[in-house]
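Morning, everyone. Let me put the model up, and then we will walk through it piece by piece.

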Number of protein chains: 2
Amino acid sequence: MTRILKIGGSILTDKSRDMAARPDEIRRAAEEIASRPQDLVLVHGAGSFGHIPARRFGLPEKFSPEGLMTTHDCVARLNEMVLQALGEAGVACLPVHPLSCLTLREGRIESFQLGPIKEMLKRGIMPVLHGDVAMDASRGSGIVSGDQLVSYLGKALFAEVVAVGCNVKGVLLFGQPLPLVRRSDLPAIESSLGGSGGVDVTGGMKGKLLELLDLADCGISSLIFDAGREGNIRRALLGEKVGTRVEGSA
Amino acid sequence: MTRILKIGGSILTDKSRDMAARPDEIRRAAEEIASRPQDLVLVHGAGSFGHIPARRFGLPEKFSPEGLMTTHDCVARLNEMVLQALGEAGVACLPVHPLSCLTLREGRIESFQLGPIKEMLKRGIMPVLHGDVAMDASRGSGIVSGDQLVSYLGKALFAEVVAVGCNVKGVLLFGQPLPLVRRSDLPAIESSLGGSGGVDVTGGMKGKLLELLDLADCGISSLIFDAGREGNIRRALLGEKVGTRVEGSA
């Protein structure tokens with residue numbers, strides 16, 4: 001019965017400015033989440049807290065211990081703000097930092113300790129993960145996006161609901177959200193998928209969609225929806241139709 | 001060639017007062033560590049940042065999501081101070097939070113993701129762990145002491161040097177440090193082993209010694225030394241004799 005919700009960094013932060021949080025949006029998202037917090041894993045993007053320092057230090061291509069340290073420190077601060085807002089909204093939650101519990105190889109998750117997450121869910125505590133830097137066995141430095149976390153956790157926890165909130169209405173074609181996307185649709189829409197606004201080192205909408213198509217290939221459908229519109233997070237958590245549904249092949 | 005150093009919370013904090021760091025001692029410890037940072041895993045105690053909130057919420061006996069959250073938040077703050085001091089002393093380091101990467105069962109480590117720690121060591125980055133709260137599969141809430149982390153990591157990483165710095169000269173008998181302790185000595189000295197000063201929820205000197213005797217049973221000797229005396233951390237890292245040596249049976 002596990003559900004996974006991602007809130008994009010573009011909602012929680014101003015992605016064009018260094019470490020600029022949006023406290024009102026963090027609070028609103030926390031309150032919507034608090035309406036149905038049971039059996040939920042929350043993943044949030046790093047926003048400007050991650051993408052800007054990562055780019056400054058040349059991550060993930062360049063191995064930079066200082067870059068890893070600084071970027072992690074920044075995203076951990078955003079994570080603290082999210083946890084605090086959730087706490088104030090009455091949600092029992094604990095942080096789970098990807099840097100501490102997973103390793104990558106060539107940018108993909110190679111090992112991931114799920115024990116703490118499973119145990120938290122069992123005890124009614126919401127694990128809160130975030131896009132993060134991580135150790136990469138092939139390159140040294142790595143970045144694990146919130147979207148990759150969602151896709152990995154969706155499979156590993158056999159999630160029933162996977163909802164990915166971003167700052168657009170879904171997968172857009174000519175400015176309109178597509179109700180449904182399957183892998184077979186990818187060639188036709190690929191060229192119109194842009195990056196996200198501001199600095200993004202993890203692939204924007206195309207990266208997001210590829211992660212969710214991977215998940216769909218394993219039989220787990222998901223939603224891409226506009227988490228910036230009030231009430232949508234609540235609707236997505238109830239399993240209502242918002243945004244674009246990503247499904248496996250028919 | 002891995003070495004493990006623990007710096008007790010009694011050195012880095014005033015254990016009698018809530019969240020009272022000792023910035024000068026944190027800086028001094030960081031500078032001594034910076035003299036030989038290679039292949040080193042650092043574990044620090046939680047001091048008053050952990051023991052006082054843990055006791056307030058009745059951890060680990062009582063299951064308290066709020067207690068877990070508050071206590072973790074406090075010890076993570078101390079960890080930030082330690083990382084910052086190490087960074088200023090020129091050490092490349094990254095935090096590894098036990099809450100994110102291990103689970104307990106009846107207070108003992110049941111699963112522990114070592115991938116990030118091993119990868120950091122391989123890349124010349126010092127992993128910095130700390131006494132923390134953790135999810136316990138049998139009780140819900142758990143506490144993992146820095147001493148248990150040292151013992152577990154000593155075995156798992158086949159450590160060559162294990163040095164545990166505290167605020168006394170070693171294992172004391174009538175106020176004098178014993179040069180050597182083996183398990184067979186335990187009955188004779190047990191009654192004179194006190195707790196540590198201030199609030200301590202993880203067992204003080206007796207808890208420390210039991211962890212290190214476990215490690216000694218696996219053939220890995222360790223040192224308990226006074227990390228409050230200037231130069232001792234440096235000496236311990238060089239493998240010089242300071243404090244009490246804990247060894248397996250002769």
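Start at Pro60(B), which sits in the loop between α3 (47-56) and α4 (65-88) of chain B. Helices here are DSSP runs of H or I with at least four residues, strands are runs of E with at least two, and both are numbered from the N terminus. The bond that joins Leu59(B) and Pro60(B) is a cis peptide bond, with omega about 0 degrees. Chain A has a cis bond from Leu59(A) to Pro60(A), with omega near 0 degrees. Pro60(A) is in the loop between α3 and α4 of chain A.

Some ground rules. This is a predicted model: local features need pLDDT of at least 70, side-chain atom pairs count only at pLDDT 80 or more, and totals for chains, interfaces and linings use all residues. Residues are numbered from 1 along each chain as its sequence is written, chains are lettered from A and ligands numbered from 1 in the order in which they are written, and side-chain values use heavy atoms, with hydrogens and water left out.

Helix α3 (residues 47-56) of chain A is mostly covered, with 8 of its 10 residues buried. Buried means under 20% relative accessible area, exposed means over 50%, and partly exposed is in between, using a 1.4 Å probe and protein chains only. The buried residues of α3(A) include Phe49(A), His51(A) and Ile52(A). What covers them? Among the covering elements are α1 (9-12), α4 and β8 of chain A. Just after α3(A), Gly58(A) takes a positive phi of about 75 degrees.

Over to chain B, and two residues in one loop. Thr13(B) lies between α1 (9-12) and α2 (23-34) of chain B. Is Thr13(B) buried or exposed? Thr13(B) is buried, because its relative accessible area is 0%. Its side chain reaches the backbone nitrogen of Ser48(B) at 3.1 Å. That is a polar contact: a pair of N or O atoms within 3.5 Å, where within protein one must be able to donate a hydrogen and the other to accept it, and residues adjacent in sequence count only if both atoms are side-chain atoms. Leaving aside neighbours within four places in sequence, Thr13(B) is in contact with residues including Ala46(B), Phe49(B) and Leu78(B). Contact means heavy atoms within 4.5 Å.

Asp18(B) is also in the loop between α1 and α2 of chain B. Asp18(B) counts as partly exposed because its relative accessibility is 42%. Beyond neighbours within four places in sequence, Asp18(B) is in contact with Ser48(B), Ile52(B), Pro53(B) and Arg56(B).

Next, the sheet in chain A. Its 4 strands form an open sheet in the order β5-β4-β7-β8, with mixed pairing. Two strands pair if DSSP finds at least two bridges between them. The edge strands are β5 (108-112) and β8 (140-144) of chain A, each pairing on one side only. From one strand to the next, the twist averages 45 degrees. Helix α4 (residues 65-88) of chain A packs on this sheet, touching β7 and β8, and its direction makes about 145 degrees with that of β7(A). For such angles, axes are lines fitted to C-alpha atoms, for helices over the stretch in contact, and angles run from 0 to 180 degrees between N-to-C directions. Helix α7 (residues 146-156) of chain A lies across β4, β5 and β8, at about 55 degrees to β5(A). Inside the sheet, β4 (residues 102-105) and β7 (residues 132-136) of chain A pair in the parallel sense over 2 bridges. Leu104(A) stands opposite Asp136(A) in β7(A).

Last, the pair of chains. Chain A can be laid on chain B with an RMSD of 0.0 Å, by a turn of 180 degrees and a shift of 0.0 Å along the axis. The two copies are therefore related as by a two-fold rotation axis. Superposition is by least squares on the C-alpha atoms of residues with pLDDT of at least 70 in both copies. In chain A, Cys101(A) comes closest to the axis, at 2.3 Å (C-alpha). The contact takes 36 residues from chain A and 36 residues from chain B.
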